[in-house]
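Please keep the sequence and the model in view while reading.

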Amino acid sequence: MLWLYILLGIVLFIALVMFIPITLRASYKEKFWCAVYIGFVKLQLVPAKPKKEKKKKVKKQTPKTEQPKKATEKKSSLIKKYGIEWLLNLIKKVAELAVSALQDFFSHILVKKLSLSISVAGDDAADTAIKYGKYCAVVYPAVGTIVRVVKCKGYGVDINPNFSEKAETEINFDFAARIFAFRLIGLAVKHGIKGLKLLAEVKNKL
C-alpha cells in the first residue's frame, strides 16, 4: 500500500503545481513598477534589485598559439537550392504558428485590473487640445483591443485635458493579469511540438 500513497502524493503535488496562478502586476505613478507572482513567490522585474558585485579573479594570460585556419566550404543558399516558394511557405508557417500561439495565450489570460488615468497638459490651450486628441486616438482603441482579446474582470480609462497654467501631463496606471501554470504548460506542449517540427524541416534542408 505504500507505493499507492506515494503515487497519490505525487499526483496531488503535480495537481497543486499545475493550478499555481502566475500573476503579472504593473503600475506607474512617476515611476514604473512591475513584478511577477508565482503563487506567493514574488519576482520583481522593474526596478531590478541591485546585484552584489563579485570580486573578479585575475587570470594569468597564457600566450595563444595560432592554429591554421581550416578552409571553409561554400554552401549554396537555401533560396537557390529550394526556390523562393519554399522560403515563402516557411515564413507563412512560422507566422501562422506565432499568431495561433498568441491567440491561445491571450485567450487564457484573465485581466483582474486595468486602470488608466491621464491628465493631459500642453504649452497652451491649443497645444493641450491637440495632445488630448492624440492621446484619445491611441489609448481608447488600444484598450478596446485588449478588452476584446482577453477576459477582463474590470477596467477603467479616464483621459482629461488640463488647461491650468504650468500644468504637466500626469499618468497613473495599475494593471494585474493572471494565468494558471497548467495553461502555460499546455500551450508550450501544443505549440512547442509544432515549432520543433518546423525546426526539423529547416534542419533537414541545411
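Is Val147 buried, partly exposed or exposed? Val147 counts as partly exposed, because its relative accessibility is 23% and the buried class is limited to values under 20%. The model in view is a predicted one.

**Overall make-up**

- Five helices and seven strands make up the secondary structure of the chain.
- Their order along the sequence is α-β-β-β-α-α-β-α-β-β-β-α.
- The chain has 206 residues, of which 17% count as buried.
- Among contacts with a separation of 6 or more, 71% are between residues 24 or more positions apart.

**Strand pairing around E7**

- Strand E7 (residues 170-180) runs antiparallel to strand E1 (residues 21-29), and nine bridges join the two.
- In this pairing, Ala26 stands opposite Phe175 of E7.
- Strand E7 also pairs with strand E4 (residues 110-120), again in the antiparallel sense and over nine bridges.
- Here Lys113 is found opposite Ala176 of E7.

**Salt bridges**

- The structure contains three salt bridges.
- One of them is formed by the side chains of Lys190 and Asp104, with an N to O distance of 2.8 Å.
- Lys190 belongs to helix H5 (residues 181-205) and Asp104 to helix H3 (residues 84-107), so this pair ties together parts of the chain that are 86 residues apart in sequence.
- Asp104 is buried, at 18% relative accessibility, whereas Lys190 is partly exposed, with a relative accessible area of 43%.
- Another salt bridge joins Lys113 to Asp174, whose closest N and O atoms are 2.8 Å apart.
- This pair links distant parts of the chain, with Lys113 in strand E4 and Asp174 in strand E7, 61 residues apart.
- Lys113 is partly exposed, with a relative accessible area of 40%, and Asp174 is partly exposed at 28%.
- A salt bridge also forms between the side chains of Asp127 and Lys131, at 3.5 Å from N to O.
- Asp127 and Lys131 lie four residues apart in helix H4 (residues 125-149), which is about one turn of the helix.
- Lys131 is partly exposed, its relative accessible area being 30%.

**Cysteines**

- How many disulfides does the structure hold? The number is zero.
- Cys34 is buried, with a relative accessible area of 10%.
- Cys136 is buried as well, with a value of 16%.

**A nonpolar surface patch**

- Leu2, Ile6, Ile10, Phe13, Ile14 and Val17 form a nonpolar patch on the surface, and together they have about 590 Å² of accessible area.
- Ile10, one of the patch residues, is located in helix H1 (residues 2-18).
- Ile10 is partly exposed, with a relative accessible area of 44%.

**Val147 and its surroundings**

- Val147 is part of helix H4.
- Apart from residues up to four places away in sequence, Val147 touches Cys152 and Tyr155.
- Val147 and Leu114 are 33 residues apart along the chain, and 9.6 Å separates their C-alpha atoms.

- Val157 is located in strand E6 (residues 155-161).
- With a relative accessible area of 22%, Val157 is partly exposed.
- Which residues does Val157 contact, leaving aside its neighbours within four places in sequence? They are Leu116, Val139, Tyr140 and Val143.
- The C-alpha atoms of Val157 and Phe173 are 9.4 Å apart, and 16 residues separate the two along the chain.

Terms used:
Residues numbered from 1 in each chain as written. Predicted model: local features only at pLDDT ≥ 70, side-chain atom pairs only at ≥ 80, totals over all residues. Heavy atoms only, no water. Disulfide = S-S within 2.5 Å. Buried < 20%, exposed > 50% of the residue type's maximum accessible area, 1.4 Å probe, protein only. Pairing = 2+ DSSP bridges. Patch = residues over 30% accessible without salt bridge, like charges linked within 9 Å, V, L, I, M, F, W, Y side chains within 5 Å. Areas by Shrake-Rupley, 256 points an atom, 1.4 Å probe, with all protein chains shown as cover. Salt bridge = Lys/Arg side-chain N within 4 Å of Asp/Glu carboxyl O. Contact = heavy atoms within 4.5 Å.
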